[in-house]
Amino acid sequence: GYYGAVLFLVAASGAFLAQRLRATEAEVRQRDIDLANLSELSEYIVQHLRESIVVVDSEDRIRLINESARTILGPEATAGALLGEISPRLLYHVERWRRRPDGAPAENATVVAMDGSREVEAYFAPLGRSRPAPLIVFLEDTSRLAERVQQTKLAALGRLSASIAHEIRNPVGAMSHAAQLLAE
């Protein structure tokens with residue numbers, strides 16, 4: 001009687017626990033798949049951004065770099081490389097940025113691209129609260145910005161020229177028309 005009931009409860013709870021364990025294992029496998037998919041998606045997004053991104057760990061080693069940043073820093077700029085070996089100037093700016101007090105405004109951080117043809121502005125954002133924190137470095141090609149400014153200036157100059165031509169043409173046209181009327 002009593003021992004039979006105890007054995008029945010033990011067997012029933014064991015079956016319940018086994019079923020619960022299988023369900024938990026299935027959940028863990030699905031979360032692993034979801035995590036792998038998210039990781040792959042994140043990698044794809046970072047690699048295909050137009051913005052140049054480099055992630056540097058607390059030991060100044062490149063952990064992630066997209067193709068856009070690699071064109072600026074050179075083909076040796078790969079995950080695992082030391083930033084100082086790739087771009088000593090960028091490492092200098094990273095160290096300066098890390099030494100600044102919290103809340104202090106960011107300083108101007110300009111480096112020359114590996115090909116020497118353009119200047120690049122670097123912006124930093126920490127990835128955590130540890131000291132020194134890993135950080136993400138955004139590299140902005142300032143020559144593109146200068147081209148956009150130049151295009152804007154030329155467009156404004158074109159509008160101004162058209163406006164001046166219009167203002168001159170109207171009175172001249174009116175005087176020409178009045179001269180024709182007087183001649184008639």
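Let's start with E67, which counts as partly exposed because its relative accessibility is 43%. This is a predicted model, so keep that in mind throughout. The side chain of E67 meets that of R70 in a salt bridge, with 2.9 Å from N to O. Both residues sit in helix α2, which covers residues 67–73.

## The chain at a glance

Stepping back, how many helices and strands does the chain have? There are five helices and five strands. Reading from the N terminus, the elements come in the order α-β-β-α-α-α-β-β-β-α.

The chain has 184 residues, and buried ones make up 23% of them. Its accessible surface comes to about 13300 Å², with 61% of that belonging to carbon and sulfur atoms. As for contacts with a separation of 6 or more, 34% of them are between residues 24 or more positions apart.

Side chains of opposite charge can pair when their charged atoms come close. By the rule used here, the count comes to six salt bridges. One of them, between E67 and R70, has already come up.

Another pairs E27 with R31, where the closest N and O atoms are 3.9 Å apart. The cut-off for a salt bridge is 4 Å, so this pair counts. Both partners belong to helix α1, which runs over residues 2–47, and they are four residues apart, about one turn of the helix.

## A buried pair and its network

Now for D141 and R118, which form a salt bridge with their closest N and O atoms 3.1 Å apart. This pair links distant parts of the chain, 23 residues apart. D141 is in strand β5 (residues 135–141), whereas R118 is in the loop between β3 (110–112) and β4 (119–126).

Buried or exposed? D141 counts as buried because its relative accessibility is 11%, and R118 is buried too, with a relative accessible area of 17%. The pair is also part of a network: salt bridges that share partners join D115, R118 and D141.

## The second largest pocket

What volume does the second largest pocket have? About 200 Å³ of space lies in it. The pocket is lined by 14 residues, and the closest to its centre are W97, R100, D102, P126 and R131. By class, the lining has six nonpolar, three polar and five charged residues.

I86 lies in helix α3, residues 83–86. With a relative accessible area of 13%, I86 falls under the 20% cut-off and so is buried. Which residues does I86 contact, leaving aside its neighbours within four places in sequence? The list is I62, L73, E76, A77 and A81. I62 is 24 residues from I86 in sequence, and their C-alpha atoms are 9.5 Å apart in space.

H93 is found in helix α4, residues 88–99. Its relative accessibility is 3%, so H93 counts as buried. Not counting residues up to four places away in sequence, H93 touches N108, A109, T110, V111 and F124. V111 is 18 residues from H93 along the chain, with 8.8 Å separating the two C-alpha atoms.

## A positive phi in a loop

One last stop is D60, in the loop between β1 (52–56) and β2 (62–65). What stands out about its backbone is phi, which is near 60°, a positive value in a residue other than glycine. D60 also counts as buried because its relative accessibility is 15%.

How values were computed. Residues are numbered from 1 along each chain as its sequence is written. This is a predicted model: local features need pLDDT of at least 70, side-chain atom pairs count only at pLDDT 80 or more; totals for chains, interfaces and linings use all residues. Side-chain values use heavy atoms; hydrogens and water are left out. Helices (H or I, at least four residues) and strands (E, at least two) are DSSP runs, numbered from the N terminus. Buried means under 20% relative accessible area, exposed over 50%, partly exposed in between (1.4 Å probe, protein chains only). On a 1 Å grid over the protein atoms alone, a cavity is a set of points where a 1.4 Å probe fits but cannot get out, and a pocket is an open set with protein on both sides within 12 Å along at least five of seven lines; lining residues have an atom within 4 Å of a point. Grid points are joined across faces, edges and corners, and a volume is the space filled by probe spheres set on the points. Ala, Val, Leu, Ile, Met, Phe, Trp, Tyr, Cys and Pro count as nonpolar, Asp, Glu, Lys and Arg as charged, and the others, Gly among them, as polar. Contact means heavy atoms within 4.5 Å. Accessible areas come from the Shrake-Rupley method with a 1.4 Å probe; for residues, only the protein chains shown count as cover.
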